[in-house]
Amino acid sequence: NDMANLLNSTEIATVFLDNAMNLRRFTTHATRLFKLIQSDIGRPLSHVVTDLDYPRLREDVQEVLRTLVFQETVVAT
């Protein structure tokens with residue numbers, strides 16, 4: 001609970017994935033960008049619906065998982 005409260009208090013949309021790109025956790029602000037519900041934990045990110053116009057999402061996520069360096073990108077909804 002402490003970790004969830006800390007992450008949600010940052011007001012930053014954050015999605016945590018495992019190496020197979022499955023959802024592990026997400027902040028409440030991430031639900032504004034992705035149609036996420038608690039039962040999505042464990043599902044592949046590619047199965048989650050989003051209104052983002054971001055065709056490179058999968059490639060960028062793979063790069064972040066590979067390098068462990070965050071990326072910031074401006075995209076439209």
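Reader: What share of the contacts with a separation of 6 or more comes from residues 24 or more positions apart?
Author: In this predicted model, such residues account for 16% of the contacts in the chain with a separation of 6 or more. Contact means heavy atoms within 4.5 Å.

Reader: Which elements does the chain have, and in what order?
Author: From the N terminus on, they run α-β-β-α, that is, two helices and two strands. Helices (H or I, at least four residues) and strands (E, at least two) are DSSP runs, numbered from the N terminus.

Reader: How does the radius of gyration stand against the globule rule?
Author: The radius is 12 Å, close to the 11 Å that the rule gives for 77 residues, so the chain is as compact as a globular protein of that length. The radius is taken over C-alpha atoms, and the rule is 2.2 Å times the number of residues to the power 0.38.

Reader: Turning to Asn-22, where is it found?
Author: Asn-22 sits in the loop between β1 (15-17) and β2 (23-26).

Reader: Is Asn-22 buried or exposed?
Author: Asn-22 counts as buried, because its relative accessibility is 18%. Buried means under 20% relative accessible area, exposed over 50%, partly exposed in between (1.4 Å probe, protein chains only).

Reader: Which residues does Asn-22 touch?
Author: Leaving out residues up to four places away in sequence, Asn-22 touches Phe-16, Leu-17, Gly-42, Arg-43 and Pro-44.

Reader: What conventions apply?
Author: Residues are numbered from 1 along each chain as its sequence is written, and side-chain values use heavy atoms, without hydrogens and water. Local features need pLDDT of at least 70 and side-chain atom pairs count only at pLDDT 80 or more, whereas totals for chains, interfaces and linings use all residues.
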